[in-house]
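Dear colleague,

Please find below the structure that I am handing over to you. My notes on what was found in it follow directly after.

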Amino acid sequence: MKHNNIDSKPIKLGIVGLGRAFMLMLPTFLKDERIHLVGAAERNNQQLADFLEQFPESTIGSIDALCADENIDAIYVATPHEMHCDQVIKILSADKHVLVEKPITINAVEAKTIADAVLKSKGSVIVGPSHSYDLPIIETAKILRSGKYGPIGMINAQYYTDFVYRPRRPEELDTTLGGGAIFNQGAHHADILLALIDAKALSVSACVGNFDPNRPCDGAYSALVEFDNNCFANMTYSGYGHYDGDQDMAWISELGVPKNPDAYGVARKNLQHKNEDIERIEKSNKGYQKGYTLPQATYNEHFGRIIISCQKADLRPTATGIHIYADDKHEFISLPQLEVPRSTVIDELYQLVHYGKSPIHSAERALNTISICEAIHQSSKDKKRIELSY
Ligand SMILES: NC(=O)c1ccc[n+]([C@@H]2O[C@H](COP(=O)([O-])OP(=O)(O)OC[C@H]3O[C@@H](n4cnc5c(N)ncnc54)[C@H](O)[C@@H]3O)[C@@H](O)[C@H]2O)c1
């Protein structure tokens, strides 16, 4: 597909981890002509063989092989997050750019290690995709920055999903390994708040819910975050598959696909009577497989209901545009679906690789994000407000 933003050669991209996250990015990589896939590292040999068949010129094997390949400009790290720190440091040591999946790491200490490593490398780090790359969030942030509606005071962000009952690797539900809703989903929420508020988070007061004894994990949270520009925000999430937050979004799913409201409780039902091994296989089957395609998005992606209160208006991004409830009138600014899904991630990567432009979703920014997630966990555990230090 043509992209009017291409004025230099494509980015030659290597991949580490051909799992679910890679599958979600594959439509972008295939449609965006600024990307050529030229290498992959993965533990599953069948997936590697399939990759080589689809992209025959590729370097295949280990992360070291990708780092040593002079043809590769940047590497997308889509492995479980407990591996991100070591892998990103290795790639930075080879002076290559990294696009690493959210969350950057499983704690702030590791994120700081990466942020420091960026300063010593010719490569840099972009963290994404997260839902702060969604077009309605980017466009809302532009309106907020314009100052037209005065300073932002408060954000209320909430999303109800079936996160807890989707097929998982055991680590994905273990908070100490960055599992559960706080690190997996709170990373989206926190990053959206940072994108909209454009200030550092100062403190977090939070509670975390672990509601299903048959599926023990941190599956829900509610956090009050204060920022250094007098803004405050609530981020609330439940992954327990009862109320569906997509109802608030006109039955458009998180991935921008129309959703059938009658398919109530499907994730919980599908998971019943499955042991850990079967669940692991089901999770793995959601990764890269020859011929497997995702349902096509027909709207922008989203992360549930978000209402931003400014001095002179409330703003509400949706999957199709932005509601503005101003002093004198309510208007809706309609937004097109991105021609290439998630191309906003490639915009940032392209600017970094070809023009050396510092990324917005930098390691430094991700340190803020992960610090908020860590503080949610800590605040709930210690039953007190956590002051953030970076
Ligand atoms: N942004 C999003 O929409 C999104 C969606 C899903 C997952 N994620 C993120 O992506 C990351 C991966 O999650 P996932 O759901 O894709 O997991 P996954 O288990 O589906 O995929 C991980 C892949 O990494 C491979 N792998 C493990 N160790 C490896 C190694 N040392 N070298 C090479 N490959 C290795 C595994 O074999 C597997 O194929 C996580 O950080 C998660 O938070 C992001």
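D198 sits in the loop between α8 and β8 (201-209). In this predicted model, D198 has a positive phi of about 55° although it is not a glycine. H273 is exposed, since 5 C-beta neighbours lie inside 10 Å.

The bond from K102 to P103 is cis, with omega near -10°, and P103 belongs to the loop between β5 (97-100) and α5 (108-120). G128 and P129 are likewise joined by a cis peptide bond, with omega about 5°; P129 lies in the loop between β6 (125-127) and α6.

Helix α6 covers residues 135-146. From its first C-alpha to its last, this helix of 12 residues reaches 17 Å, close to the 16 Å expected at 1.5 Å a residue. G147 follows α6 and has a positive phi, near 80°. Within α6, the buried residues are L135, P136, I137, T140, A141 and L144. In general, residues three or four places apart in an α-helix point the same way, because there are 3.6 residues a turn. The cover over the buried residues of α6 includes β7 (152-160), α8 (186-197), β11 (305-310), β12 (313-317), β13 (321-326) and α11 (343-355).

The axes of α6 and α8 come within 8 Å and cross at roughly 30°. On the α6 side the residues that meet α8 are I137, T140, A141 and L144, and their partners in α8 are I192, A195 and L196. By class, this contact has 6 nonpolar residues, 1 polar residue and no charged residues.

Strand β12 contains A313. A313 is buried, because 21 other C-beta atoms lie within 10 Å of its own and the threshold is 20 or more. Leaving aside residues up to four places away in sequence, A313 touches Y149, I324, Y325, A326 and D327. The C-alpha atoms of A313 and A157 are separated by 16 Å, and these two residues are 156 residues apart along the chain.

At the level of the whole chain, the protein is divided into domain 1 (11-131 + 341-361) and domain 2 (132-339 + 373-387). Their C-alpha centres lie 23 Å apart. Domain 1 gives 26 residues to the contact and domain 2 gives 29 residues. On the side of domain 1 that touches domain 2, the elements giving two or more residues are α1, α2 (45-54) and α11. The largest share of that side, 4 residues, comes from α1. The residues of that side divide into 12 nonpolar, 9 polar and 5 charged.

The ligand is surrounded by 24 residues, the closest being G17, G19, R20, A21 and E101. Helix α1 (residues 20-31) supplies the largest share of the shell, 3 residues. By class, the shell holds 10 nonpolar, 7 polar and 7 charged residues.

With kind regards

Methods: Residues are numbered from 1 along each chain as its sequence is written. This is a predicted model: local features need pLDDT of at least 70, side-chain atom pairs count only at pLDDT 80 or more; totals for chains, interfaces and linings use all residues. A residue is near a molecule or strand if its C-beta atom, placed from the backbone, lies within 6 Å of it. Ala, Val, Leu, Ile, Met, Phe, Trp, Tyr, Cys and Pro count as nonpolar, Asp, Glu, Lys and Arg as charged, and the others, Gly among them, as polar. The expected span of a helix is 1.5 Å times one less than its number of residues. A residue is buried if 20 or more other C-beta atoms lie within 10 Å of its own, exposed if 12 or fewer, and partly exposed in between; C-beta atoms are placed from the backbone. Two residues are in contact if their C-beta atoms, placed from the backbone, lie within 7 Å. Domain bounds come from an automatic or database domain assignment. Axes are lines fitted to C-alpha atoms, for helices over the stretch in contact, and angles run from 0 to 180 degrees between N-to-C directions.
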